[in-house]
Amino acid sequence: MRVPALRMLALPLLLSSCAFLPPAPGENGTFMFGTRVLYILKDRREFGFCSAELVGCTVPLGSICVVQLDQEFFEKATRWQRVNLVAHELGHCLDLRKLGLSHGGFTDQGKRWGAYYRAPSEGFAEAYARAYIARCGLDLDSLGWMNAQGSCTPPHPREVTPELIETQKL
Ligand SMILES: [Zn+2]
């Protein structure tokens, strides 16, 4: 009984991943650069996959990129912290889906923002967040938050490189 039940669960996921459907009404998510992103606010102790030390956790689920954000942090955060967090996690999605986890060529350049960002994947994601804010300001809508469509086009992940953070002094 177990295996057929799992297959039944997997099938709708596969179908939805092929269909490139926009998010359902009321769903918090977006479809950006060919990448389906679902934002979920929840208690970070229930992230499941990531350490509860983190306030954001991005995991692929089929072709959907699932971004879990700590609800308590998000609600208490400043506007900059909110936009930075969402854009950072979106950066992880785009690194995965558009750059094949090449991290935009980052090695340890992210260390300028703190030791945590020394890892190439974290350096790229944080650079993506800062490049986003430099271009779009503190605009959650343009990140597709709550299925909104903002007026600003976020940076393409290929634009976000170690050279960009130097030239733009991010
Ligand atoms: Zn990260």
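Two strands are said to pair if DSSP finds at least two bridges between them. Helices (H or I, at least four residues) and strands (E, at least two) are DSSP runs, numbered from the N terminus. The legends below use these terms. The model is predicted, so local features need pLDDT of at least 70 and side-chain atom pairs count only at pLDDT 80 or more, while totals for chains, interfaces and linings use all residues. Residues are numbered from 1 along each chain as its sequence is written.

**View 1**
Read from the N terminus, the elements follow the order α-β-β-β-β-α-α-α-α. Of the 170 residues in the chain, 31% are buried. A residue counts as buried if 20 or more other C-beta atoms lie within 10 Å of its own, as exposed if 12 or fewer do, and as partly exposed in between, with C-beta atoms placed from the backbone. Two residues are in contact if their C-beta atoms, placed from the backbone, lie within 7 Å. Among contacts with a separation of 6 or more, 61% join residues 24 or more positions apart.

**View 1. Four strands form an open sheet in the order S1-S2-S4-S3.**
The pairing in this sheet is mixed. S1 (29-32) and S3 stand at the edges and have a single partner strand each, so one side of each lacks a neighbour in the sheet. From one strand to the next, the twist averages 20°; axes are lines fitted to C-alpha atoms, for helices over the stretch in contact, and angles run from 0 to 180 degrees between N-to-C directions. Strands of a sheet pair through backbone hydrogen bonds, either parallel or antiparallel.

**View 2. Strands S3 and S4 form a hairpin.**
S3 covers residues 56-61 and S4 covers residues 64-70, and the two pair in the antiparallel sense over six bridges. Gly-56 has Leu-69 in S4 as its bridge partner. Leu-61 stands opposite Ile-64 in S4. Two residues lie between the strands, and Gly-62 in the turn has a positive phi of about 60°.

**View 3. Strands S1 and S2 form a hairpin with two residues between them.**
Here the pairing is antiparallel, over four bridges. Thr-30 stands opposite Val-37 in S2. In the turn, Phe-33 has a positive phi of about 50°.

**View 4. Arg-36 is found in strand S2.**
Arg-36 has 23 C-beta neighbours inside 10 Å and therefore counts as buried. Leaving aside neighbours within four places in sequence, Arg-36 is in contact with Phe-31, Ser-63, Ile-64 and Cys-65. Pro-60 is 24 residues away from Arg-36 in sequence, and their C-alpha atoms are 10.0 Å apart in space.

**View 5. The largest nonpolar core has 25 residues.**
A nonpolar core is a set of buried Ala, Val, Leu, Ile, Met, Phe, Trp, Tyr and Cys residues joined through C-beta atoms within 7 Å. Val-86, Ala-87, Leu-90, Ala-127 and Tyr-128 touch the most other members. Strand S2 (35-42), S4, helix H3 (79-98) and H4 each supply at least two residues of this core. H4 gives the largest share, eight residues. Apart from neighbours within four places in sequence, Ala-87 is in contact with Tyr-128, Ala-129, Tyr-132, Ile-133 and Leu-143.

**View 6. Helix H4 has 17 residues.**
H4 reaches 24 Å from its first C-alpha to its last, close to the 24 Å expected at 1.5 Å a residue. The expected span of a helix is 1.5 Å times one less than its number of residues. In H4, 13 of the 17 residues are buried, so the helix is largely enclosed by the rest of the structure. Just after H4, Gly-137 takes a positive phi of about 70°.

**View 7. Thr-153 lies in the loop between helix H4 (120-136) and helix H5 (162-167).**
Thr-153 is exposed, because 11 other C-beta atoms lie within 10 Å. Arg-135 is 18 residues from Thr-153 in sequence, and the two are 8.4 Å apart in space, C-alpha to C-alpha.

Leu-101 is in the loop between H3 and H4. Although not a glycine, Leu-101 has a positive phi of about 55°. Leu-101 counts as exposed because it has 11 C-beta neighbours inside 10 Å. Lys-169 lies in the segment after H5. Lys-169 is not a glycine either, yet has a positive phi of about 50°. With 7 C-beta neighbours inside 10 Å, Lys-169 counts as exposed.
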